[in-house]
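I opened the model to look up a few residues and to note where each one sits and what surrounds it.

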Amino acid sequence: MTDVDRPAVAEPISFHFDPLCPWCWQTSRWIRQIRELGLVEVTWAFFSLSIVNWDGPIPEFDPTDARGVAALRTAVAVRDGFGNDALDRYYASLGHRIWDEVASPDNVTTIEGALGDAGLDAGLCPQALEDHTTWETVLREHTELCDETRSFGVPTIRLDGGTGPAIFGPVISNPPASDEEAAELWTHVAWLARYENFSELKRERTIEPDLERFRVRARERAARG
């Protein structure tokens with residue numbers, strides 16, 4: 001049972017993700033929490049950290065040799081062929097494999113396995129990588145978001161069904177422990193996103209994400225030490 005009041009109409013948002021980012025993954029888990037509470041209606045959309053970190057001209061960017069791009073191009077094929085709900089399942093499965101099972105996000109086997117977990121054909125991955133329009137879609141959505149909202153990273157949430165104000169974050173280590181906490185966090189984030197006078201709050205991260213990939217890295221650092 002929960003004491004969270006469900007609104008008459010869920011707020012439509014777009015959630016822009018790159019599977020490379022663990023903080024984006026943790027925030028997406030919170031977004032699913034508040035979706036189940038009826039607070040938001042989520043459209044999944046794309047952002048590429050590899051493009052952000054590219055220093056050269058975009059025409060020289062090689063999407064076949066960039067981290068995270070194969071997974072994003074496959075995501076385009078999933079959404080175009082099967083819709084937003086299928087993309088939701090694919091991102092959930094992919095994130096689980098990357099962050100809980102410590103699989104490589106750029107390994108085709110990881111992507112194909114996530115497709116299978118989501119009830120989709122693993123052949124979507126090679127098809128997406130052979131289709132140049134999947135890359136064009138990733139680049140277009142990334143560029144439009146950055147041009148229209150000056151976005152610079154993930155997670156990025158955009159209100160009004162993906163046409164309103166956007167906000168980076170919230171960057172959270174773990175999803176909230178209760179429905180009430182999850183709902184309260186959304187109340188504050190949505191208010192700040194609409195408050196045009198607000199630009200930034202930040203502090204050092206004090207809690208490590210409860211993800212196996214982080215525990216593996218911690219063990220590796222300890223072994224080197």
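I began with Ser 14, which I find in strand β1 (residues 11-17), strands being DSSP runs of E of at least two residues and helices runs of H or I of at least four, numbered from the N terminus. This is a predicted model, in which local features need pLDDT of at least 70 and side-chain atom pairs pLDDT 80 or more, while totals for chains, interfaces and linings use all residues. Residues are numbered from 1 along each chain as its sequence is written, and side-chain values use heavy atoms, without hydrogens and water.

Is Ser 14 buried or exposed? I note Ser 14 as buried because its relative accessibility is 5%, where buried means under 20%, exposed over 50% and partly exposed in between (1.4 Å probe, protein chains only). Leaving aside neighbours within four places in sequence, I list Thr 43, Thr 156, Ile 157, Arg 158 and Gly 162 as contacts of Ser 14, a contact being heavy atoms within 4.5 Å.

Next I turned to Val 171, in the loop between β4 (166-168) and α8 (179-194). Val 171 counts as partly exposed because its relative accessibility is 36%.

Last I checked Phe 198, which I place in the loop between α8 and α9 (212-224). With a relative accessible area of 24%, Phe 198 is partly exposed. Not counting residues up to four places away in sequence, I find Phe 198 touching Ile 167 and Leu 192.
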